[in-house]
Amino acid sequence: MTAEQALDFVREHGVVLASAKGAVPRLTEVIAGQPIKGSWWAHPKSRQIFTILQAVTDSKDILVCRLIDGKVTLVHRRLWPSLVRAAGRFSPARIAQVREAHTPSGKHVSREVPFPKWVPSEVKEQAKGIGEQEALMALGPWALG
């Protein structure tokens with residue numbers, strides 16, 4: 001799988017989990033081409049998984065947040081207006097943008113951009129034209145429960 005194919009997968013599904021188990025597909029398993037038991041870091045394709053995950057999460061079309069059960073979730077830009085419209089249904093922490101970074105010392109840190117600071121103005125405008133139920137349906141069955 002290529003980074004472009006992984007982006008297409010996220011675009012098609014709209015909302016996916018990076019690697020945790022949950023109500024939507026796991027991108028790491030799609031990249032690996034099989035279910036992963038335990039940590040994907042121990043998988044034979046871990047380098048490929050890491051490279052593709054980095055490319056996907058670096059894309060301007062992907063929101064990285066903790067939307068589903070507090071787990072790292074990837075939301076494609078096509079669903080951002082729906083997410084903004086339904087934002088009242090989620091805690092602010094779940095819809096804050098999460099960015100992973102490495103410090104000069106090599107330490108891994110997460111930085112968050114609170115909702116709605118990460119939301120582009122055109123997405124806010126698009127969200128105004130969507131009903132809440134329509135927004136939840138667009139996000140997927142997991143959002144309706």
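**Notes on the pocket and the aromatic pairs**

1. By class, the largest pocket is lined by eight nonpolar, six polar and four charged residues. Here Ala, Val, Leu, Ile, Met, Phe, Trp, Tyr, Cys and Pro count as nonpolar, Asp, Glu, Lys and Arg as charged, and the others, Gly among them, as polar.

2. Please keep in mind that this is a predicted model, where local features need pLDDT of at least 70 and side-chain atom pairs count only at pLDDT 80 or more, while totals for chains, interfaces and linings use all residues. Numbering runs from 1 along each chain as its sequence is written, and side-chain values use heavy atoms, leaving out hydrogens and water.

3. The volume of the largest pocket is about 480 Å³. Of its 18 lining residues, W40, L53, Q54, E100 and H108 are the closest to the centre. (A pocket is an open set of points on a 1 Å grid where a 1.4 Å probe fits, with protein on both sides within 12 Å along at least five of seven lines; lining residues have an atom within 4 Å of a point.)

4. W40 and W41 are stacked (ring centres within 6.5 Å, planes under 30 degrees apart), because their centres lie 4.2 Å apart and their planes meet at 25 degrees. W40, at 11% relative accessibility, counts as buried, whereas W41, at 52%, counts as exposed (buried is under 20%, exposed over 50%, with a 1.4 Å probe and protein chains only).

5. W80 and W118 pair edge-to-face, with 5.5 Å centre to centre and 80 degrees between the planes (edge-to-face needs over 60). Both W80 and W118 are buried.

Conventions. Grid points are joined across faces, edges and corners, and a volume is the space filled by probe spheres set on the points. Rings of Phe, Tyr and Trp (its six-membered ring) pair if their centres lie within 6.5 Å; planes under 30 degrees apart count as stacked, over 60 as edge-to-face and the rest as tilted.
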